[in-house]
Amino acid sequence: MIDSDLVGTYLKGDLGFQVSGATVAFDNVKVTTSIQELPPLEESNAFLPEEPETNIVNAPTVISSEIPNQFDELEGVSSVLFPAELNDDGHVTVGGSTLTDILAASKEKVIPVIQVDDPNAVEGVIDALQSTSINDVHILSANVDILENIKSAYPIARGAILYEKNHLNKHDLKKLVEDANMSRSFTVVLPEQHISIDNTHYFHTRAISVWGIGENAYDLIHAGVDGIISSNPAETTAVFENYPERTIVQRPIVVAHRGVPSLAPENTMAGYHLSYELGADLIETDVQRTKDGHLVIMHDTTVDRTTNGTGAVSELTLEEIRGLDAGSHFDEEFAGEKVPTFREFLEGFKDKDVLLLVELKGIGMEEQVLQEIIEVGMEENVVLQSFDMESVKKFREIAPQISVGYLYSASVPDSPEQRIEDAERMLNYATSIGARLNASYGSLSEESITYMRQRGLINMHWTFRSQEPFKDLLKKGLIGPITDYTQWLSDGPTFIETPIKKRNLKVGKSATIQAKTFVNYRMDRSENLETTLYSHDNDRYVDVTGNTITALAPGRAEVFAVHTFNMLDEDWNLVSKPIEVNVSK
């Protein structure tokens, strides 16, 4: 029985038999037409809250820390923060209401984010979740034990770690990642003073989303956060309207698939180093085990396609595999390239600013992979993934501090409602096991991308070899593309800086402003590239032409420096934080 709105498409031969993790055989299969009406799909409360109107690509979602009188009054807000307290009667309350009542009132209108600081309130929070059957909920706490206790009883509740210390150094960053993974939480929440482009990038490369707490929406947007917690959501959402079309403020996390196989032989050190030089944020690789028990880098189960040898990896010794040429098949320039060992791959990037995305191409070697990662000292710089769920679960058991992803591919349902429901089911599954959903890009829809972003899940999607789907999904909010073509994004600038933050002008006077565009974040290099100025309210208080601002009438205007660049055969805008222009008589 196929219980799905896709049933009609199967007449075209889209689906035969699907199986995962088993070998099956079928004999004398009889296919008949159902003469009874299919049962209704299971009722789902999955929904997409309203997002702010904006031209920003992958704009952050907005979380209100102000609880409205009516949840229908909120505009452009996806979530509301509910600070849970234990009253003298032993009931968990939010403001003047019980948590149970406020969860019921907000259901299918906003995503509840329940902040729990008191360990004594844990039992009451769990009771409220169970009595209201809320599936779509975040638990926010600075106490990891509280998160673990609630998630142990209610596994589909998403965790978010609140950071409250006055300092945030390298040790703190590392500890936050470990705590997030160990509590199966995908989100960290930082106060505004700890938000920066570098800190956001640190978490993103480890598949952890960042929400910022603060009222300076511009600073948080330009730091690339995934969510903004604001006590004045109306002012925050108003900011989103001020940007020009195709504005990029959040740098895509580019994953170099097997190195850069469009320019160098796949899964070789030459290809890995080239992808690093091209600015990859992560380098993806595949691990298998040889006949004599060594870990080597190879995608296929045999060496036939990528070397001058033949045979299964599992039937060849390390010495035999190391004797093969893994470069000549691509180009004579790479003649003599060896099949790397896993240890060689790890050691090659030990002191470099890049993450390694390690895929296991088989089961039963999880402990050996982890052992080599630990021996080389790379626990902080790896993310793990597998198509095999048992392997994913094994890593969650033996390496709970490391981010891990589940690789899969699925069809995209026809209706928006079904696409949202599918996203809900997959996210609940990911939350319960503590794994990211590293799906094929063909499995994605705009609804699924938005659903995940609103709920604080960063995934990495494979494998982009064509520019059109790459470009299309970037516009829809994709953050983690896995691609054979790292060079497609290498020349995209990452940051614009203006020399001034504020300018005072009298009516009739003009000022010219030049900006600096940082072209490559690794090299920390800036160039004076061509920019123009942009104002959403142009002609009201100021006139903006090219790089010149002319004051027209008393008031305040916000003017952006804009650098337009071409990437994936399309123009995109890199936009600075606004310059405040105050006009007086």
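How many nonpolar, polar and charged residues does the lining of the second largest pocket have? By class, this lining has 11 nonpolar, eight polar and 13 charged residues. The structure is a predicted model.

- The space in the second largest pocket comes to about 860 Å³.
- A total of 32 residues line the second largest pocket, and those closest to its centre are S196, I197, D198, N199 and H201.
- Three helices, α4 (170-182), α5 (197-204) and α6 (217-222), each contribute at least two residues to the lining of this pocket.
- Helix α5 provides the largest share of the lining, namely five residues.

- With strand β11 (residues 227-230), β2 pairs in the parallel sense over four bridges.
- Within this pairing, G227 in β11 stands opposite T61.
- Strand β3 (residues 79-86) also runs parallel to β2, and two bridges join them.
- The bridge partner of I63 in β3 is S79.
- As a general point, the strands of a sheet pair through backbone hydrogen bonds, in either a parallel or an antiparallel sense.

**Residue V287**

- V287 belongs to strand β14, which spans residues 282-289.
- V287 counts as buried because its relative accessibility is 0%, and the cut-off for this class is under 20%.
- Apart from neighbours within four places in sequence, V287 is in contact with L295, V296, I297, M298, F342, V358, E359, L360, K361, M365 and V369.
- R305 lies 18 residues from V287 along the chain, and the C-alpha atoms of the two are separated by 16 Å.

- Strand β29 comprises residues 548-551 and is joined to β24 by three bridges, the two running antiparallel.
- In β29, I549 stands opposite A511.

Conventions. Residues are numbered from 1 along each chain as its sequence is written. This is a predicted model: local features need pLDDT of at least 70, side-chain atom pairs count only at pLDDT 80 or more; totals for chains, interfaces and linings use all residues. Side-chain values use heavy atoms; hydrogens and water are left out. Two strands pair if DSSP finds at least two bridges between them. On a 1 Å grid over the protein atoms alone, a cavity is a set of points where a 1.4 Å probe fits but cannot get out, and a pocket is an open set with protein on both sides within 12 Å along at least five of seven lines; lining residues have an atom within 4 Å of a point. Grid points are joined across faces, edges and corners, and a volume is the space filled by probe spheres set on the points. Ala, Val, Leu, Ile, Met, Phe, Trp, Tyr, Cys and Pro count as nonpolar, Asp, Glu, Lys and Arg as charged, and the others, Gly among them, as polar. Buried means under 20% relative accessible area, exposed over 50%, partly exposed in between (1.4 Å probe, protein chains only). Contact means heavy atoms within 4.5 Å.
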